[in-house]
Amino acid sequence: MRTLLLEWAAMLVSYFLLGLIRILTGSQARWWGCPPKAEQRIYFANHQSHADLVMIWAALPKELRRGVRAVAARDYWTKTPFREWLTTAVFNVIYVSRERHADEDPLEPLIDAMKDGDSLILFPEGTRGYADEPNVFKAGLYNLALKFPEVELVPAWINNVQRVMPKGEVVPVPVLCSVTFGIPMRVQPGEERHDFLTRARAAVVALRDV
């Protein structure tokens, strides 16, 4: 009975959050470079707010959400029992540690999820940025792309979401936001890590003005 109640609670909270984010932001999904498809993909986007996770989740069609898992920082999203329950039961995130230990591969949980057929939402900067453009991308996206060369990599630009919850504020502000999805890409034959990550970052930034 307890399990059933928790499942119902997760479903109700997901509907509540979906409605709330759409009221606050409009949650406009702009499939500029590709159509939404129920196939395995890695969506990678700029990262300026903790609300990015919810925003890009809300922008996906309902039929895609169940098979798409966001990657989230373990230290922040498990800081309280409610955050941990929310990200586990509602968003089904994959936790990663921002502090790397010598005996662990930070990509292992992502690789396991992709082997199970899940799609990912990845923020390649690794942490939130506050500039107009994303910080330099870290190597995880490149390493995953090499390991799963058949999976499409879809760049995305999340616009305005950092203004919904300005730093230091506790009450969200209604602001029209959007997520623009770009043209899928892959690692080109012989492409080095730095060149690919520069190209991937440029693909995200280019969507800002679309």
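Visitor: What share of the contacts in the chain with a separation of 6 or more comes from residues 24 or more positions apart?

Guide: In this predicted model, such residues account for 72% of the contacts in the chain with a separation of 6 or more. The chain itself comprises eight helices and seven strands, and 45% of its 210 residues count as buried.

Visitor: Why is the pair of Tyr142 and Phe196 called tilted?

Guide: Eight aromatic pairs are present in the structure. In the pair of Tyr142 and Phe196, the ring centres are 5.7 Å apart and the planes stand at 45°.

Visitor: How do you know whether Tyr142 and Phe196 are buried or exposed?

Guide: Buried means under 20% relative accessible area. Tyr142 has 10% relative accessibility and therefore counts as buried. Phe196 has 0% and so counts as buried too. Elsewhere, ring pairs link Trp31, Tyr43 and Phe181 into a cluster.

Visitor: What places the charged end of Arg83 over the ring of Tyr76?

Guide: The distance criterion is that CZ of Arg be within 6 Å of the ring centre, with a further condition of 35 degrees from the ring normal. The charged end of Arg83 sits over the Tyr76 ring, 4.1 Å from its centre. Arg208 likewise lies over the face of Trp157, at 5.8 Å from the ring centre.

Visitor: Why is strand E6 described as largely enclosed?

Guide: Seven of the eight residues of E6 are buried, so the rest of the structure largely encloses this strand. Five bridges pair E6 with E2 in the parallel sense, and Phe44 has Pro155 in E6 as its bridge partner. With E7, E6 forms four bridges in the antiparallel sense; here Ala156 stands opposite Phe181 in E7.

Visitor: How do you know that strand E3 is mostly covered?

Guide: Six of the six residues in E3 (residues 68–73) are buried. Val68, Ala70 and Ala72 point one way, while Arg69, Val71 and Ala73 point the other way. In a regular strand, side chains alternate between the two faces of the sheet.

Visitor: What makes E5 and E4 pairing partners of E3?

Guide: At least two bridges are required for two strands to pair. E3 has three bridges to the parallel strand E5 (residues 119–122), where Ile121 is the bridge partner of Ala70. Three bridges also join E3 to strand E4 (residues 94–96), again in the parallel sense, with Val96 in E4 as the partner of Ala73.

Visitor: Which residues touch the most other members of the largest nonpolar core?

Guide: They are Tyr43, Ile56, Phe91, Ile121, Val179 and Phe181, within a core of 34 residues. Helix H2 gives the most to this core, with seven residues. A second, separate core has 27 residues, among them Ile111, Leu141, Leu153 and Phe196.

Visitor: Why are the buried residues of helix H6 said to line one face?

Guide: Leu110, Ile111, Ala113 and Met114 are buried in H6 (residues 108–115). Seen down the axis of H6, the buried residues fall within an arc of 160°, so they line one face of the helix. Their cover includes E2, E3, E4, E5 and H7. After H6 comes Gly117, whose phi is positive, near 95°.

Visitor: How do you know whether Gly182 is buried or exposed?

Guide: Gly182, found in the loop between E7 and H8, has 0% relative accessibility. The cut-off for buried is under 20%, and Gly182 therefore counts as buried.

Visitor: What does Gly182 touch, not counting residues up to four places away in sequence?

Guide: Gly182 touches Trp32, Gly33, Cys34, Val154, Pro155 and Leu207. Its C-alpha atom is also 7.6 Å from that of Val204, although Gly182 and Val204 are 22 residues apart along the chain.

How values were computed
Residues are numbered from 1 along each chain as its sequence is written. This is a predicted model: local features need pLDDT of at least 70, side-chain atom pairs count only at pLDDT 80 or more; totals for chains, interfaces and linings use all residues. Side-chain values use heavy atoms; hydrogens and water are left out. Rings of Phe, Tyr and Trp (its six-membered ring) pair if their centres lie within 6.5 Å; planes under 30 degrees apart count as stacked, over 60 as edge-to-face and the rest as tilted. Buried means under 20% relative accessible area, exposed over 50%, partly exposed in between (1.4 Å probe, protein chains only). Helices (H or I, at least four residues) and strands (E, at least two) are DSSP runs, numbered from the N terminus. A nonpolar core is a set of buried Ala, Val, Leu, Ile, Met, Phe, Trp, Tyr and Cys residues joined through side-chain atoms within 4.5 Å. Contact means heavy atoms within 4.5 Å. The arc is that of the directions from the helix axis to the C-beta atoms.
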